[in-house]
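Please keep the sequence and the model at hand while reading.

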Amino acid sequence: MAVEELQSIIKRCQILEEQDFKEEDFGLFQLAGQRCIDEGHIDQLLEIIQNEKNKVIVKNMGWNLVGPVVRSLLRIEKEDDKRKCHFLLLDLLVKLCNPKELLLGLLELIEEPSGKQISQIILLLLQPLQTVIQKLRNNKAYSVGLALSTLWSQLSLLPVPYSKEQIQADDYGLCQCCKALIEFTKPFVECVIDNKENSVENEKLKDEILKFCLKSLKCPLLTAQFLEQSEEAGDDPLKCFASEIIGFLSAIGYPFPKMIFNHGRKKKTWDYLEFEEEEDKQLSDSMASLAYLVFVQGISIDQLPMVLSPSYLLQFNMGHIEVLLQRTEESVFSKGVDLLENGLLRIEDNSLLHQYLEIKSFLTVPQGLVKIMTLCPIETLRRKGLAVLQLYINKLDPQGKYTLFRCLLNTSNHSGVEAFIIQNIKNQIDISLKKTHNKWFTGPQLISLLDLVLVLPEGAETDLLQNSDRIMASLNLLRYLVIKDNEKDNQTGLWTELEKIENNFLKPLHTGLNMSKAHYEAEIKNSQEVQKSKDHCSLNVGREEIPNMPPEMQLKVLHSALFTFDLIESVLARVEELIETKTKSTSEENMG
C-alpha cells in the first residue's frame, strides 16, 4: 500500500516542471517514503530512487527521506541484514539529492539526539556529511564551519572518559568520534594547504578550521586525561586526537610557538584578531590546553626553538598555568600543577630572578597552589601542590623567596601553610648564617619578616587550637634564632627586637594558653557530668559548635586539645629558658 501510494505521488509529479513542485508534494512524498521504510519495503524504494525517470523528483524531494532512513538504522540490530539495504539507500540519497538541502537535513539529524545516541548519529553521518560538503560549489567554507560547529557542540555534551578503563570502554563513543572527526576534517585541511593563491574563500576555510581546532583544545582536550605509560601512548585515542589537532594548526599556518607565545600580548604577531575580541576566555583555555599538550605531553615539542631559555619559557607559560589553576575541575587544575612543575624542573635552584615576581601571575600561581593544598579533597593532589610550591621556592633567588614569603603569610589564611612558610624562612636563615650571607634573611630585612611571624593575629584572644601549627612553627623558629645567634653578634637583629617579640608574641601567648586551658578543663568537667547522665551534648571546639557528639568522643577531643596546649606551653617554656640563659650569660660577660 505504501509503495503504491509513493508511486502515485511520483507519477503525478513526473508531469510537473521542477519549479512547479508544491509544499504539499514534498510532504506527501516524505510521508509515503517513510511508510515504505517503516513497513520494510526498502528494495522497492531503492528501485524507485534509482529509476532515471525520477531523477528530478529525487533530487528535490529525496533529502526528506534521510531522517527516516537514519532513525530506522538506529533501531536495527547491527547483525541484521537489513542494515546493508539501508546504507545503500542512504548512499544513493547523498549521491542524488540537492547537496544544500541535504547539508541542512544532516545537521538537523546530528543535533537531534542526546546521551549515547549522539556518537551513534555522528559516526553514522560523518562520511555522508563530508561527501555532501565536497559536492557544494559555493560557500564551502561556511558549510565546513557550520558542520564543524554543529559536530563540536554535540561532542561537547558527551562525558570525557577519565580513567584508562573508561577510555578503553568508551561507553559514550567520544574517543571513536574524535578519531572519525579527524578523518572528516583532513580533506578540508588539505584543501587549504593545496590552495597557494590565498583566495578569500580559502582564508575563510582556514579560519573555520582554526576555530574548530581552538574549540577542540578546550573541549574535550582541556579536561581529558592521558594514559601515562609511554608504550601505550599510540593507543591513547585522546592523545592521538590532540596530536592531529596541533598538526592541523601547523598545516594551516598556525604552529604552536606562534600561538602560545603571542597570546596575551597587546600587539599580536599572529593576525587572527577576531578571537581576541569575541571569545577571549575560550581562547585563554585553549592556549593553556595547548601549552600543556606541548610541554607536558611532548606533542610537537620539536617545533620549539632551541635558543629559548628555561626562564623565558616559564614566563610565557605562567599565564597559561594561572588559567588552569583557576579552574575547579581536578582534571584541569592538576594540569596547571604539572605544567608549572615541568617549567621549574628546567631551571637551576636560586636562579629565578626576583624581578619576575613583578609579573602578576608569578604571585597568583603560588596562591593557586595554596588553594589546592588546603581545599582539594584528593590527598595526592594536595601533596603534589605542596611539593611544587617547595620547588618554586627553591628556584627563586633570595629576594624572590623573601617577597613570596611575605605575600603568602599575608594571603594564605591557613595555619598549616603559614607553618610551612615559617619553616622555609628558618631554612633560609640557616643557609645565610652557615653558608652564604645575604641581607634578606639577616638584619633589618629579616626583622621586618619576623614581624609577620612572631605575633598572634588576635593577641591573647587568638584561637590557639586553630592556629597551633603556625604557633609551633613560630616558637621553633624563635628557639632556633636564640640558639644560633649570640646577643653579642646579633646577626639576625633578634636581640634588639626581643622586647617587642615578648610583648607581641610571648606574653599574649601565655595569657591565651591560660585562658584556653581553663576553658577546655571546664568543658571536660562538664562532659564528665553529662557522661554520668548517659546523654549526648554539643561541644564548642575552636569557636565552632559540634552538635550531638557522644560524651566519650567529646572527652577524647577535649583531651587532645589540652595535649596541644601542653605541647605549646613546653616549647614556650624552653624558649624563655634559652632567652634567660643567653641574656644572663651576656650580662656576666659585660660585667667581667
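Helix H7 (residues 99-111) packs with helix H8 (residues 117-135) at an angle of about 160°, and their axes are 10 Å apart. H7 is therefore roughly antiparallel to H8. The model is predicted: local features need pLDDT of at least 70, side-chain atom pairs count only at pLDDT 80 or more, and totals for chains, interfaces and linings use all residues. Residues are numbered from 1 along each chain as its sequence is written, and side-chain values use heavy atoms, with hydrogens and water left out.

**Terms for helix packing**

- Helices (H or I, at least four residues) and strands (E, at least two) are DSSP runs, numbered from the N terminus.
- Axes are lines fitted to C-alpha atoms, for helices over the stretch in contact, and angles run from 0 to 180 degrees between N-to-C directions.
- Angles under 35 degrees count as roughly parallel, over 145 as roughly antiparallel, 65 to 115 as roughly perpendicular, and the rest as oblique.

**H7 and H8**

- H7 passes H8 in a left-handed crossing (the near helix is turned anticlockwise from the far one by less than a right angle; clockwise would be right-handed).
- On the H7 side, Pro99, Leu102, Leu103, Leu106, Leu107, Leu109 and Ile110 are in contact (heavy atoms within 4.5 Å) with Ile121, Ile122, Leu125, Pro128, Leu129, Val132, Ile133 and Lys135 of H8.
- By class, the contact of H7 with H8 has 14 nonpolar residues, no polar ones and one charged residue (Ala, Val, Leu, Ile, Met, Phe, Trp, Tyr, Cys and Pro count as nonpolar, Asp, Glu, Lys and Arg as charged, and the others, Gly among them, as polar).

**H11 and H12**

- The axes of H11 and H12 cross at roughly 150° and come within 9 Å.
- This angle makes H11 roughly antiparallel to H12, and H11 passes H12 in a left-handed crossing.
- H11 contributes Leu181, Thr185, Phe188, Val189, Cys191 and Val192 to the contact, and H12 contributes Asn202, Leu205, Lys206, Ile209 and Phe212.
- The contact of H11 with H12 comprises eight nonpolar, two polar and one charged residues.

**H17 and H19**

- Helix H17 (residues 310-326) and helix H19 (residues 361-375) have axes that come within 9 Å and cross at roughly 40°.
- H17 is therefore oblique to H19, and H17 passes H19 in a left-handed crossing.
- Leu314, Gln315, Met318, Gly319, Ile321, Glu322 and Leu325 of H17 meet Ser361, Phe362, Thr364, Val365, Gly368, Leu369 and Ile372 of H19.
- Eight nonpolar, five polar and one charged residues make up the contact of H17 with H19.

**Whole chain and burial**

- The protein chain has 26 helices and two strands.
- Of the 592 residues in the protein chain, 49% are buried (buried means under 20% relative accessible area, exposed over 50%, partly exposed in between, with a 1.4 Å probe and protein chains only).
- The protein chain exposes about 29,500 Å², and carbon and sulfur atoms supply 49% of that area (Shrake-Rupley method with a 1.4 Å probe; for residues, only the protein chains shown count as cover).
- Among contacts in the protein chain with a separation of 6 or more, 71% are between residues 24 or more positions apart.
- Helix H5 (residues 66-75) is mostly covered, with seven of its 10 residues buried.
- The buried residues in H5 are Val66, Gly67, Pro68, Val69, Val70, Ser72 and Leu73.

**Loop residues**

- Cysteine 219 and proline 220 are joined by a cis peptide bond with omega of about 15°; proline 220 lies in the loop between helix H12 (200-218) and helix H13 (237-251).
- Aspartate 170 has a phi near 45°, a positive value in a residue other than glycine.
- The loop between helix H10 (164-169) and helix H11 (174-194) holds aspartate 170, which is buried at a relative accessible area of 10%.
- Asparagine 350 has a phi near 65°, again a positive value in a residue other than glycine.
- Asparagine 350 sits in the loop between helix H18 (330-344) and H19, and is partly exposed with a relative accessible area of 46%.
- Glutamate 329, in the loop between H17 and H18, counts as partly exposed at 28% relative accessibility.
- From C-alpha to C-alpha, glutamate 329 and threonine 223 are 7.8 Å apart in space, while they are 106 residues apart in sequence.
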